[in-house]
Amino acid sequence: MPSVGELLVSSLHEHSVDVVFGIPGTHNLGIYAHLERYGLRHVTPRHEQGAGYAADGYARVSGRPGVVITTSGPGVLNAAAAAGQAYSDSVPLLVISPGMPSEHHRGDGLLHETRDQSAALAAVCSASYRVTRPVDLPVLVASLFAGFASGRPRPVHLEIPYDLLDADVDPVPLPPPLPVALPVPDEEAVAAAARTLTAARRPVVVAGGGARAAAAELCRIAEALDAPVVTTANGKGVLAESHPLSLGAALHVPRVQELLEAADVVLAVGTELSETDTWNGPLRLSGRVVRVDVEAGQMHRNAVAAHPLTGDAAQVLSGLMKHLRSVPSLPRVPGRSGDTPIAPAVRSAVRAYGRRWRDVVGALRNALPADAVLANDSAMACYFGAIAGFPVERPGRFLYPTGFGTLGYALPAAIGAAVARPGRPVAALSGDGGLQFTVNELATAVELGAPLPIVVVSNGGYGMIRQEMTERGQPAVGVDLTTPDFAALCRAYGGHGSHVTSPDELHDAVARALTVPGPTVVVVPEPPALSEPPSA
């Protein structure tokens, strides 16, 4: 007779889960007992927060849900920050933990007892489910994976009382993965939106993370409209950034916002158009908005849609393209954005943005192969420098913790990316303050054995917060940090490390790091501040 723990693992296997990230503990051994039997690879980060970020990076690069297994109480609460980041960025994450026993009475003083563990995770995930009847478990797992594929993917917590994990149950048939039917907008609604796009003289396309699986369709639409394309950080690479119509991930650049606000039609695909994308509040759009999103409730948030099209981005864009092909005046209409002098000025502004970090980011870009994945932290070199200044050609090559804005994301997310795509070059970019949140994951990277350059731009603490304190005229408190010799620390873990002082040295160090197994920390000093603001 199988146990409930085996029923869980076999259900995960049925849904093609082959990798889990987690840390074993007293209460979850009933799950771990069956991982090898069902061929599930286990990656052991050094902290549950790192496990969550690694699963997040795995999901973003593989396109499949990341799975985290923790123990109860402090273990699953340690993963809560990663779940919050996944919620903010619409990443499919399944967090599995044991819970207090079935007949538990709050206040019994049991090991890892939490006042209301499921409620705590429900507050940061899209939902938290506690399984009390073993027969419900396979059906619930099937439902969760269908949910990841059928709408806006977000993290879910699954809790099983730990006294059930080793309990025997009667064999039950495992339901196969559920077929998923994505919403399809009304055909006339699509046709009406296409007519608006056809009549536009200054169209602009905005692509977010929800367009990652619709790169080919979005490219065809942009070319048919001759419309410039700007992406969010999470949509970076949806249109190859070498494409003549690409403005890159520059939704936060003021001149790009001016372009959008002057557009007579904006096609927004899979994006929240949120403050964390624009950095200064909602865009003041004067034109009509054609909005494509899998979530109907998103349609009028931050910008009212004249044409709300709810559905899978690839399907909706294909429908729009069918109608656009019937218009003889396309693909070029005199006066469209690509023919006006504003495009060169906008391109120049995007290139100028973040020039303080241009040499560092450029050296990193030139040292990495075109198909490399770069995992970023919430650091100035990343959000001022790499978001707009590190070009990528395809989605899933640039990982960044938008919205929730967690620190410590880059290193474990890079580990998850390396697990997702063995053999693909992966690198991490971080600040010295953020790296210390998860620097212990260097041990995990050593065990993984894959080449992993980790570039640390060092400014002796929390540089952005230090700057904000100075701008407010207040003392700089708590922002100047004692940092270790990161290069030596990586060597102590069994990896490699060096210090560099110039872009050329950085380029060579990263190139070398790609040829040796395990992590290599490369520490580079932060470039000096410029006299003008980074957006000039």
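Two strands count as paired if DSSP finds at least two bridges between them. I noted this before looking at any partners. The model I am reading is a predicted one.

**Entry 1: strand β15 and its neighbours**

I began with β15, which covers residues 426-431. I looked up its pairing with β16, residues 452-458, and found four bridges, with the two strands running parallel.

I then looked up strand β13, residues 373-376. Four bridges join β13 to β15, and these two strands also run parallel. Within this pairing I picked out Asn376, which stands opposite Leu429 of β15.

**Entry 2: how β15 is covered**

Is β15 buried or exposed? I find it mostly covered, with six of its six residues buried. For that I took buried as under 20% relative accessible area.

I next checked which way the residues point. Val426, Ala428 and Ser430 point one way from the strand. Ala427, Leu429 and Gly431 point the other way. I wrote down the general rule beside this: side chains in a regular strand alternate between the two faces of the sheet. Both sets of residues in β15 are buried.

**Entry 3: the largest pocket**

I moved on to the pockets. The largest has a volume of about 1100 Å³. I count 50 residues in its lining, and those nearest the centre are Ser90, Pro153, Gly209, Gly210 and Arg212.

Which element supplies the largest share of this lining? I find that it is α3, with four residues. Elements that each supply at least two residues include α3 (48-62), α7 (137-150) and α13 (313-325). I also see α12 (275-278) and strand β11 (288-293) among them.

By class, I noted 17 nonpolar, 19 polar and 14 charged residues in the lining of the largest pocket.

**Entry 4: the second largest pocket**

The second largest pocket has a volume of about 600 Å³. Its lining holds 37 residues. I listed Ser378, Ala379, Tyr383, Tyr400 and Met464 as the ones nearest its centre. The elements giving two or more residues to this lining are α12, α16 (380-389), α18 (432-435) and α20 (463-471). Of the elements, α16 gives the most, with five residues.

Note on methods
Residues are numbered from 1 along each chain as its sequence is written. This is a predicted model: local features need pLDDT of at least 70, side-chain atom pairs count only at pLDDT 80 or more; totals for chains, interfaces and linings use all residues. Side-chain values use heavy atoms; hydrogens and water are left out. Buried means under 20% relative accessible area, exposed over 50%, partly exposed in between (1.4 Å probe, protein chains only). On a 1 Å grid over the protein atoms alone, a cavity is a set of points where a 1.4 Å probe fits but cannot get out, and a pocket is an open set with protein on both sides within 12 Å along at least five of seven lines; lining residues have an atom within 4 Å of a point. Grid points are joined across faces, edges and corners, and a volume is the space filled by probe spheres set on the points. Ala, Val, Leu, Ile, Met, Phe, Trp, Tyr, Cys and Pro count as nonpolar, Asp, Glu, Lys and Arg as charged, and the others, Gly among them, as polar.
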